[in-house]
Structure formats: C-alpha cells, structure tokens
Amino acid sequence: MPGNRFGDIRWLHSVDSTNRYLLDEARAGAPEGVVAVADHQEAGRGRLGRRWEAPPGANLLCSILLRPDLPVASRHLLSTVVALAAADACQAVAGVTPVFKWPNDLLAADGRKLAGVLAEADAPGRPGLPASVVVGIGVNVGWPGSDADLPAELVGRATSLSQEAGRPVERESLLADLLVSLEPRVTALGTAAGRSAQADELRRRCATVGARVRIQLANGSFDGTATGVTDEGHLVVATPSGTRTVVAGDVVHLRPAEERDLPSAPGGRVTSE
Ligand code: BT5
C-alpha cells in the first residue's frame, strides 16, 4: 500500500495459518506493517483453539503485524481497529454494513457471521524491538454461497459478502480498502483521545451493547445486560449482583427463552467494579 505502513504484502498460495506465519516472521525481526494473505489455510485458527473454515481461493484470510506503543490494558483495541477497518471495507466494496458482536465478530443484519478476528501476541519480544501483536482476520467473501455450502454446525450461522451483496466481491479490493482505513486508526491508538474515539466507534456499532447476554468464561458463565464498552475496548455487563467488566470471553446474545439462572462465575478474566 503506497503511502502507508502496510507496504510489504506477502500473498501466499497455501500456509497452515497466516497468524502462525507472521508470528514467526515477527520473532525473526519483521517490522510493523507486514501483511500476510493466503489463498488457503490448512489449519486456520479461531479463538480458544477453534478452527476457521474457508475453501481455497474464496475468502480473505490475512494477518497484520503491529508493534504497538500503547498501554497493555488497551491491547484489545488492536483487534478493534482491524475489525472497524474491515467493516469500512465491507461497506465501501460490497455495500454491506456489518454490525459488531463483542469482542470482534462482524455479523450481517440477521446475525450470521461474516468475519472474525484473532489477535496473538509474540512471546517475549526480541531485545531492542517493541513487542509484536499479530492480528488475523478472516472475512467470508465468496464462501458460503448459500447454506448448502456449509458444514452442519455452521448452517444458519455464517454468511458471505457476495451472498449479502447479491453479486461477486473481490478479495483484493477488500484488502486494499481495509488497509487504507486501518492506517489512521492505528495512528489514533497512539493517544488517549484517539483510543477513546476508536472505542466509541465500536460502542456505537456494537449490537452486543444493550443486548441480554450470556458471558462464557473458562470457569463458568453468567447472564446480564451489556451496557457499554470501556475506552480499553472491554465489555461492561450489568448483573443482579453488580456491574462486571469482561476483558476476554465468549458472548452469546440471548433471546428471552434462553435465559435461565446460572451461578456467577468466580474470578476468571472478569473484574467487578
Ligand atoms: C474467530 O474465532 O472468529 C477468529 C477467526 C480468525 C481467522 C483468521 S483467518 C486469517 C488468520 N489466520 C488464522 O489462522 N486465523 C486468522 P472464533 O470467535 O473462535 O470463531 C470460530 C468459530 O466460528 C468456529 O468454531 C466455527 O463455529 C465458526 N466458524 C468457523 N469458520 C467460519 C466461517 N468461515 N464463517 C463463520 N463462522 C465460522
């Protein structure tokens, strides 16, 4: 991308995972801004050891190397800015306006998933180099064409830009737009005001805010109403026993019939305020 930090785009034919590839490059000293894209991932990664599915050549599968100069507590915003930039690109290239599900899913208006983000931090950085974070995003562009393309567990849960737009969408244009939108967003993370503005955009576009939610943690789950997103990008949930701030976890948007009494999850990565 001339004129911005994402000048080194490595388009790979096939790789296990673009995140894995770029984490290795980061450990070997690759600078901020390197982008890895793959036509095919043999072992695409979701969060918490889950898989990311995409047939060869159909979707945008890319990872971006960032070397952030921002408070550790605000690291979540690195995923946020990539998700916001991807949403901008979906709008510009396909005329599709995704909504966000916290932490970083992009959904179509009917709640089906269009894209997901996975940020992975480098194990201790090399001496003299700022620590690196690799933010990977998978955007469904050409696949699935319809529910008939999907494995049983994703039927009714996944859609693609071409399905939503009703016409073919180009991966290359989507990537180019994403990187153009991302450049000023990454710069904005360098100041408290800029970070607050990015969090505010997530807050405004996030379908989770205002929803009844179930928060699933490694050690339990609890229900509540999501009331906001902090300036660090964390989710604020009101529960009968008080307000909780969720740093990392899975969120289910609840319909009334799904609600039931659950014990509060102890500890984990939730802090009470
Ligand atoms: C995510 O995880 O949503 C993060 C996905 C990140 C993928 C990118 S691709 C480029 C880069 N390199 C990598 O190796 N990964 C990143 P999570 O929230 O855990 O969602 C995973 C779950 O979504 C799976 O367990 C499935 O239920 C579902 N899923 C898998 N593939 C999907 C798809 N293409 N579209 C919609 N849902 C999918």
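Author: Pro144 is found in the loop between strand S7 (133-139) and helix H3 (161-165). Helices (H or I, at least four residues) and strands (E, at least two) are DSSP runs, numbered from the N terminus. The peptide bond from Trp143 to Pro144 is cis, with omega near 0 degrees. This is a predicted model: local features need pLDDT of at least 70, side-chain atom pairs count only at pLDDT 80 or more, and totals for chains, interfaces and linings use all residues. Numbering runs from 1 along each chain as its sequence is written, and side-chain values use heavy atoms, without hydrogens and water.

Trp102 to Pro103 is also a cis peptide bond, with omega near 5 degrees. Pro103 lies in the loop between strand S4 (99-101) and strand S5 (105-107). Leu48 is not a glycine, yet has a positive phi of about 55 degrees. Its loop runs between strand S2 (35-41) and strand S3 (60-66).

Now the side chains. The charged end of Arg244 sits over the ring of Phe222, 4.4 Å from its centre. That requires CZ of Arg, or NZ of Lys, within 6 Å of the ring centre and within 35 degrees of the ring normal.

Last, the packing. Helix H2 (residues 76-94) packs on helix H4 (residues 171-188) at an angle of about 135 degrees, axes 8 Å apart. Axes are lines fitted to C-alpha atoms over the stretch in contact, and angles run from 0 to 180 degrees between N-to-C directions. Contact means heavy atoms within 4.5 Å. Residues meeting there include Val81 and Leu84 in H2, and Leu178 and Arg185 in H4.
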